[in-house]
Amino acid sequence: MEGFTHRAGYGVWINDVRSEALRIPNWPCMIYDDITDRSLRSLIDTMARAGYNELCLWGLLNSYSWTFDFSRESEPARVSRVRELISYAQGKGIRLIYGLGVYSWGCDEIIRRIPEVRGTNPHALCGSSEESFRQVCRIIDFLFHTLDVDGVHLESADLGRCMCEKCAPIDNFSYHCALNRRVAEYIRKKYPDQIIMVNLINWQPRDDKLTDPDDPRVTALAELSRSVDYIIDPGHLGHYVPMDHVRQIAGRLHCDFGTAGGTRTYFYPEWERLRTFLPFAHHAHTHLSALYQNGGRACEYYTGPLVNPASEFNTAVAGRALSRPWESYRTLAEEALDELYRPRDAAAMTALYELFDGAEDAWFDNWDCRVALSRRPPDNRPTDCFRDFDAYRAKGSDAMEMSLRGVSHLENYMPREHWARYREALSSLLADAGRLMGRTQEDRKIARIIECLRNTVLDLSQLEEYERWK
Ligand SMILES: [Zn+2]
């Protein structure tokens, strides 16, 4: 039996997985220092052991803006560091996928300098201008001539789109489908060995689902799929293709189809790495098993800073679930715990397993299915993402991204009346974690779990006091 074909880990940006918080809030952060490098190599090591075969990173050379003459991105010191990282990943069997904006993410200076590509959005080229396409090709050529990457993650909609009078009449889905298709065809023809992935982030409002295989949008996606290797429906606020419809929709595509692994966390680079203990591997396993059974064969799995014990565990379990989606959660979780902690006996293994599962339950038992209140257009409105929470839990089929920044996840995703319950559950796990000291070969990591739990308990205590006295 074969597992998922595309078992990609997702960085996302190079400093999101940093082992130490950035001192200055800065997103997305383009610094590539020793900590960035060490953190990424450690991620690659863990991913290789867990069975991933691709790693997608944003920010290796650019974020909002490529310089017009690529002078900054050609800087020998930076290029050589990035080349070494790519070759390190390849040496471990991990192909490097470059996160590349399509008509956006990188185009700010081009837009400022060339009037012909300028539409209504300072971050997105006008999709109706031929000069825009020429500029995109110039970026692609520079990228493939500078770095020996194995593929690209194409993304056109995260920063919105042009709404000039030529672009505006085209609906979002058709617009992004056409931009990605043209760029994918260019890459396929000129660089046929490159893996091409298209990510559907922000293509249309989250409530607008794809359920009918005869929907013209699915037909357009099927045309696009002739030129790409896989399509990812990331589900920041629920998937566009509900799990019950994956088999039919994916069946129309000429490429692999998948998700970003279901519900996940996103660590901002300046956020303290040990401020939460939020395992969600059990949910991810349920989701990935269902995706596989329905014909999904691709995943771009959100990793996180591995110094955080929950991120490390989530990443280690998901890689195994992508390689062997038919195995039980318990089998894969214990395999990951054995590698990461080397428990000294069976009782210690059981205690560890229960600690991670208990922390996952503590969160999901107190979460009320609400998601962050702000997303970029077209999703910038308050939302109850999963109205049927029991169905969500049973199937693990839908997804959301929980941003970790300050205490916003506790305030935005959890009702105030659940804070005390969550705090009490974590306090009890804190005692369990203390009893694990000396029972594995990784006391250092157990100490980190304790610190994570303690920090969350402190955050919750302060939130409760603040609420009482404000
Ligand atoms: Zn336009």
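What we have here is a predicted model, where local features need pLDDT of at least 70, side-chain atom pairs count only at pLDDT 80 or more, and totals for chains, interfaces and linings use all residues. Residue numbers start from 1 along each chain as its sequence is written.

Strand 3 (residues 95-101) and strand 4 (residues 151-155) are parallel partners over 5 bridges; two strands count as paired if DSSP finds at least two bridges between them. Helices (H or I, at least four residues) and strands (E, at least two) are DSSP runs, numbered from the N terminus. Zooming out, there is a closed barrel of 8 strands, in the order 1-2-3-4-5-6-7-9, with parallel pairing.

Now to helix 4. Its buried residues are Ser 132, Gln 135, Val 136, Ile 139, Ile 140 and Leu 143. Buried means 20 or more other C-beta atoms within 10 Å of a residue's own, exposed means 12 or fewer, and partly exposed is in between, with C-beta atoms placed from the backbone. Facing away from that buried side are the exposed residues Glu 130, Arg 134 and His 145. So what covers the buried residues of helix 4? The cover includes strand 3, helix 3 (108-113) and helix 5 (172-190).

Last, the domains, whose bounds come from an automatic or database domain assignment: domain 1 is 6-327, and domain 2 is 346-366 + 415-469. Their centres, taken over C-alpha atoms, are 32 Å apart. In domain 1, 11 residues are in contact with 13 residues of domain 2, contact meaning C-beta atoms, placed from the backbone, within 7 Å. Thanks, everyone!

Conventions. Contact = placed C-beta atoms within 7 Å.
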